[in-house]
Amino acid sequence: MAGDPTEEERPPQLTAEQAQELVQFDLSMRMVPFLDRHLIFPVFNFLQETGLYNATAIHRAQLTLLAETNMIDWALETYSLINEEQPQELMDRRDMVLQQLEDSREKVLPLLQILEEEEKVQRVAACKSIDELCQTFELDPTVIDGLVHYAKLQYDCGNYTLSGELLKHYRSMISQDTERPVMTSKQVSCIWGSLASFILNREFEEATDGAERAADVIFKINDFLDTTKMSKKEVLLQRTWLLHWSLFPIFTAEKVEVKLLDFFLNEKSLSCISLSCPHLFRYVASCLILQKRLKHLMKDTVWIIQHESTVYSDPVTRFLLALYVDMDFDEAQLELQKCEKVCKVDYFLSRHWAEFQENARLLIFETYCRIHQCINIGMIAHKLNMEAEEAEVWIVKLIQNAKLDARIDSEKSRVVMSKAPPSVYQQVIEKTKNLSFRSTITVSQLKAAFQPGEAREGDAQQHLLSGGRCKFVLGPAESAERQKRTLSKVLSPRPEASVWA
């Protein structure tokens, strides 16, 4: 089935004792309400392969899902696996589904024939409305809507490739219809259907012909939710669904798009996670660990994770808190050991454990190096849960690959770090991130300085806020000494702490 792991990716089977210990880390039951039933099948297959739950219980859960689809053959096979008789009504329904597919195909056959010819597809793209399209090719208008019905039938039968192609053509035709500028609920459903088809087909990588991918559809749904007039409750629900669905291209694709990570970790998404699905903080933390390019987000995102720790926490989130908030390296190392158990039973993280462990050790080492100039190799080996010789080899490779300004003193068995100044980029961020607050403080100080000349107070403040340079206009009665004291009071250098007081 589409979306299933390859032979190399299949997780090892757990013993009954291991399953009982690890079931506490399984999030699948929390996530199922926000996934399409077809997206749940790969997750259930993973749980069955790990042995986390009883196989018969998984099969029965699959039968419950299959009852609402047209994948009759899979349902009949599942009944055989649990040694139960195949229901006769299921056999009858199979014939009915085949008849529905045939009838629906006959209805849209004229349009399907058009879509099979490249020259005619280009003519379709040139039509500016559905009416013009129907007149050009002598089609009944109901055929256009019939294409959606046929795509849905194919999707329910598990033919995700054909379903995705049909929906792509339908959405292309509708998007060019200038007579229907407002997006209807049917069009929104088609976008979600396209996303589900791309995910189940694993269409994550950028195509050479510029074809649409899962990430593109995610961005379109996000843009729609930004401008829609739906109620805030409905928008929150759909954003929650979108965040859950975006886990598939983020954690199962060979290469993750930076823009997709930005979407998942932006302020709006984190607010949505805090409100409706705090369990996704596991994947927020995992992104920070797995993606080295996200270091600039680490500080602020960890602060949010800490703020929400009373609502949700697990070894992955606690690892970051121990490392960046408590600076407790022993606790971080213990939580990292538990993270291995989390990854074993997590569909999205199971194939990433080796990279997860390597990057987590790197974070521990980097953080430890920030506060120690000379580091005993035996000590760091303990922090990283490694043997001393293994840790020394690992550190040597790290120094070479990451080009760290450090050297190993073999005689004293220690790593000597050279203090490097912070990057210009980081200094600019630190100096400007509170610029608005500092401007407010400056305005307040100027206001206090102009208190004797109340008539001019508003003019000076307005001039400063408008971007001009403040001119101190003093009355004729004020002596030169008074001017000197006033300017000294406002412009004298102040310690940094006073700005934050």
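Modeller: Start with a term: contact means heavy atoms within 4.5 Å. Not counting residues up to four places away in sequence, leucine 280 touches Met31, Leu243, His244, Leu247, Phe264 and Ile273.

Biologist: What kind of model is this, and how are residues numbered?

Modeller: The model is predicted: local features need pLDDT of at least 70, side-chain atom pairs count only at pLDDT 80 or more, and totals for chains, interfaces and linings use all residues. Numbering runs from 1 along each chain as its sequence is written, and side-chain values use heavy atoms, with hydrogens and water left out.

Biologist: How many helices and strands does the chain have?

Modeller: Helices (H or I, at least four residues) and strands (E, at least two) are DSSP runs, numbered from the N terminus. This chain has 28 helices and three strands. Leucine 280 sits in the loop between H16 and H17.

Biologist: Is leucine 280 buried or exposed?

Modeller: Buried means under 20% relative accessible area, exposed over 50%, partly exposed in between (1.4 Å probe, protein chains only). Leucine 280 is at 0%, so it counts as buried. Leucine 243 is 37 residues from leucine 280 in sequence, with 8.5 Å between the C-alpha atoms.

Biologist: What share of the contacts in the chain with a separation of 6 or more joins residues 24 or more positions apart?

Modeller: The share is 62%. As for burial, 45% of the 501 residues count as buried. Accessible areas come from the Shrake-Rupley method with a 1.4 Å probe, and for residues only the protein chains shown count as cover. The chain total is about 27500 Å², with 52% belonging to carbon and sulfur atoms.

Biologist: Which residues of helix H15 are buried?

Modeller: First, the general idea. An α-helix has 3.6 residues a turn, so residues three or four places apart point the same way. In H15 (residues 258–265), the buried residues are Leu260, Leu261, Phe263, Phe264 and Leu265. Their cover includes helices H12 (214–227), H13 (232–245), H14 (247–252), H16 (267–276) and H17 (281–290).

Biologist: What does the side chain of aspartate 314 lie 2.9 Å from?

Modeller: A polar contact is a pair of N or O atoms within 3.5 Å; within protein, one must be able to donate a hydrogen and the other to accept it, and residues adjacent in sequence count only if both atoms are side-chain atoms. Here a polar side-chain atom of aspartate 314 is 2.9 Å from the backbone nitrogen of valine 316. Aspartate 314 is in the loop between helix H18 (298–307) and helix H19 (315–324). Its relative accessible area is 3%, so aspartate 314 is buried. Threonine 317 lies in H19 and is also buried, at 1%. Leaving aside neighbours within four places in sequence, threonine 317 contacts Phe281, Arg282, Ala285, Ile305 and Tyr312.

Biologist: Which residue other than glycine has a phi near 55°?

Modeller: Most residues other than glycine have a negative phi, and most peptide bonds are trans. Methionine 327 has a positive phi near 55°. It is in the loop between H19 and helix H20 (329–344) and is partly exposed, at 40%. Glutamate 138 has a positive phi of about 55°. That residue is in the loop between helix H8 (130–137) and helix H9 (141–156), and is exposed at 74%.

Biologist: How many disulfides are there?

Modeller: A disulfide is a pair of cysteine sulfur atoms within 2.5 Å. The count is zero. For cysteine 127, the nearest cysteine sulfur is that of cysteine 134, 9.0 Å away. For cysteine 277, the nearest is that of cysteine 272, at 5.0 Å. Cysteine 277 is buried, with a relative accessible area of 0%.

Biologist: How many cavities of 30 Å³ or more are there?

Modeller: Rolling a probe the size of a water molecule over the atoms shows where empty space is left. On a 1 Å grid over the protein atoms alone, a cavity is a set of points where a 1.4 Å probe fits but cannot get out; lining residues have an atom within 4 Å of a point. Grid points are joined across faces, edges and corners, and a volume is the space filled by probe spheres set on the points. The count is four cavities of 30 Å³ or more. H3 gives the most, with three residues.

Conventions
1 Å grid on protein atoms, 1.4 Å probe; cavity = no way out; pocket = protein on both sides within 12 Å on 5 of 7 lines; lining within 4 Å.
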